[in-house]
Amino acid sequence: MAILYELSGETTAAIGEYQLTANRFGRSEVAPLAMLRCAKLRIRLRDYDGARKELLDLVDRYPDCDSLDEAYLSLGQANMDSGNLPEAIRILTKLYYLGLSRSSKVQSCLIIGRCFYEQEKYDQACEWLVEYFKL
């Protein structure tokens with residue numbers, strides 16, 4: 001139902017269904033996926049606090065899920081979009097060093113570089129952007 005609500009543009013109803021799915025099937029592999037989708041919808045609605053809570057809960061409850069790298073990227077993005085650049089850098093640096101996937105390392109470097117650039121820390125921004133191009 002959540003996917004149907006999402007596709008029909010009923011975002012708040014979709015969020016509710018994703019939360020219901022995650023709670024009802026907490027031991028299933030669909031739970032972290034539902035939580036991730038819910039958080040991404042919250043980010044789209046600019047509900048960064050809600051997205052952060054959902055994503056922090058996801059990485060805490062499901063540290064071995066297949067979409068962990070995507071959860072950390074979304075968490076970093078939510079922090080960056082809300083203006084919490086130091087927290088975005090911290091989370092994405094952790095993701096970089098976890099080395100979950102090459103793609104997540106590349107994306108982490110780019111976003112970290114952007115965060116440092118926005119803080120006017122150009123030397124650090126350059127370091128991360130050089131790493132981005134190396135990868």
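## Tyr18 and its contacts

Leaving out neighbours within four places in sequence, Tyr18 is in contact with Ala2, Ile3, Glu6, Ala34, Arg37, Cys38 and Leu41. Contact here means heavy atoms within 4.5 Å.

This is a predicted model, in which local features need pLDDT of at least 70 and side-chain atom pairs count only at pLDDT 80 or more, while totals for chains, interfaces and linings use all residues. Residues are numbered from 1 along each chain as its sequence is written, and side-chain values use heavy atoms, with hydrogens and water left out.

## The nonpolar core

Tyr18 also belongs to the largest nonpolar core, which has 41 residues; Tyr18, Leu55, Leu58 and Cys115 touch the most other members. Helices H2 (11-24), H3 (30-44), H4 (48-61), H5 (68-81), H6 (85-98), H7 (102-118) and H8 (122-134) each supply at least two residues of this core. H3 gives the most, with eight residues.

A nonpolar core is a set of buried Ala, Val, Leu, Ile, Met, Phe, Trp, Tyr and Cys residues joined through side-chain atoms within 4.5 Å. Buried means under 20% relative accessible area, exposed over 50%, and partly exposed in between, using a 1.4 Å probe and protein chains only. Helices (H or I, at least four residues) are DSSP runs, numbered from the N terminus.

## H3 against H4

The axes of H3 and H4 come within 8 Å and cross at roughly 160°. Axes are lines fitted to C-alpha atoms, for helices over the stretch in contact, and angles run from 0 to 180 degrees between N-to-C directions. H3 and H4 are therefore roughly antiparallel to each other, a term for angles over 145 degrees. H3 passes H4 in a left-handed crossing, meaning that the near helix is turned anticlockwise from the far one by less than a right angle.

On the H3 side the contact is made by Pro32, Met35, Leu36, Cys38, Ala39, Arg42 and Ile43, and on the H4 side by Tyr48, Gly50, Ala51, Glu54, Leu55, Asp57, Leu58 and Arg61. These residues divide into 10 nonpolar, one polar and four charged. Ala, Val, Leu, Ile, Met, Phe, Trp, Tyr, Cys and Pro count as nonpolar, Asp, Glu, Lys and Arg as charged, and the others, Gly among them, as polar.

Arg42, in helix H3, is buried, with a relative accessible area of 15%. Not counting residues up to four places away in sequence, Arg42 touches Ile15, Gln19, Asp47, Gly50, Ala51 and Glu54.

## H5 against H6

The axes of H5 and H6 come within 7 Å and cross at roughly 160°. H5 and H6 are therefore roughly antiparallel, and their crossing is left-handed.

In H5, Asp69, Tyr72, Leu73, Leu75, Gly76, Asn79 and Met80 meet Leu85, Glu87, Ala88, Ile91, Leu92, Lys94, Leu95 and Leu98 of H6. By type, the contact has 10 nonpolar, two polar and three charged residues.

## H7 against H8

H7 and H8 pack at an angle of about 165°, with their axes 8 Å apart. That makes H7 roughly antiparallel to H8, and H7 passes H8 in a left-handed crossing. H7 contributes Val106, Cys109, Leu110, Ile112, Gly113, Phe116 and Tyr117 to the contact, and H8 contributes Tyr122, Gln124, Ala125, Trp128, Leu129, Glu131 and Tyr132. The division is 11 nonpolar, two polar and one charged.

Lys134 is found in helix H8 and is exposed, with a relative accessible area of 64%. Lys134 and Val106 are 28 residues apart in sequence and 9.1 Å apart in space, C-alpha to C-alpha.

Conventions. Angles under 35 degrees count as roughly parallel, over 145 as roughly antiparallel, 65 to 115 as roughly perpendicular and the rest as oblique.
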